[in-house]
Amino acid sequence: MMSDKFVRTRNLIGDEAMEKLANSRVAVFGIGGVGGHVVEALARSGVGAIDLIDRDTVAESNINRQIIATISNVGKYKVDAMKERIADINPDCKVEAYPCFYLPDTKDEFDFSNYDYVVDAVDTVTAKLTLVCEAKEKGVPIISSMGAGNKLNPAMFEVADIYKTSVCPLAKVMRRELKKRGIDSLKVVYSKEEAIKPSNLEGEERVPGSTAFVPSVAGLIMASEVIKDLIKV
């Protein structure tokens, strides 16, 4: 029998669905703790083309939670490290790496009509709003991650429309700003867990705390929604 790296997935969803995935192109904006795990799952599911967008480089402080963060990758652009990883998983996957941030002044570099799905795993509200508005204008499905920092319980994540979210401060801001822009729906992954106050030492900049198991779960949930939507399950 011919070797098939995706045989276990094929056994579950069938040949037609696998063909749809192989012919799909997904753009993932933000290749960090959440976005990196989205990309990993998409690549291992047989998605045929993936665009990676992120200007950050791998830092030692990423090692606790980001799938491409290893000692040997420190200093590399995250998109380049992720591209190398995908090549080792599925060499047939077409990958475009963009070492830049998605902002209003860079949005024209990306033609959303080329994408079958857009994943928003970026951190800033400005970038998120621009991504959502662009995707909605082009009629491309999009899913957005809400706050995953300062949380410890991965079981608290839910998939919902943005207007049915609660507790999450980022979701609250997004609801308000999207309403102003006339956006009436947005699929998101968010957590109802109350954020934990970071225990940084006095005098240090208070950066969000995170773990290996919270952003990864958010990313895998997002990937599952993308896959199910692409194959219409």
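A pocket here is an open set of grid points where a 1.4 Å probe fits, with protein on both sides within 12 Å along at least five of seven lines. The model is predicted.

**Largest pocket.** Start with Gly-33, Arg-65, Val-122, Asp-123 and Pro-208, the lining residues that lie nearest the centre of the largest pocket. The space around that centre amounts to about 1100 Å³ for the pocket, and the lining comprises 42 residues. Colour the lining by class: 20 residues are nonpolar, 15 polar and seven charged. Next select helix 5 (125-138) and helix 6 (169-180); each contributes at least two residues to this lining.

**Second largest pocket.** Move to the second largest pocket, with a volume of about 190 Å³. Its lining includes Asp-4, Lys-5, Phe-6, Arg-10, Gly-46, Asn-90 and Cys-93. By class, this lining has four nonpolar, three polar and five charged residues. Helix 2 is the element that gives the most to it, with three residues; Met-18, Glu-19 and Ala-22 are among the lining residues.

**Helix 2.** Now select residues 15-22, which form helix 2, and pick out Ala-17, Met-18 and Leu-21, which are buried. Look down the helix axis: the buried residues fall within an arc of 100°, so they line one face of helix 2.

Which exposed residues sit on the face turned away from the buried side of helix 2? Asp-15 and Glu-16 do.

Finally, show helix 1 (7-13) and helix 7 (214-230), which are among what covers the buried residues of helix 2.

Definitions and conventions: Residues are numbered from 1 along each chain as its sequence is written. This is a predicted model: local features need pLDDT of at least 70, side-chain atom pairs count only at pLDDT 80 or more; totals for chains, interfaces and linings use all residues. Side-chain values use heavy atoms; hydrogens and water are left out. Buried means under 20% relative accessible area, exposed over 50%, partly exposed in between (1.4 Å probe, protein chains only). Helices (H or I, at least four residues) and strands (E, at least two) are DSSP runs, numbered from the N terminus. The arc is that of the directions from the helix axis to the C-beta atoms. Contact means heavy atoms within 4.5 Å. On a 1 Å grid over the protein atoms alone, a cavity is a set of points where a 1.4 Å probe fits but cannot get out, and a pocket is an open set with protein on both sides within 12 Å along at least five of seven lines; lining residues have an atom within 4 Å of a point. Grid points are joined across faces, edges and corners, and a volume is the space filled by probe spheres set on the points. Ala, Val, Leu, Ile, Met, Phe, Trp, Tyr, Cys and Pro count as nonpolar, Asp, Glu, Lys and Arg as charged, and the others, Gly among them, as polar.
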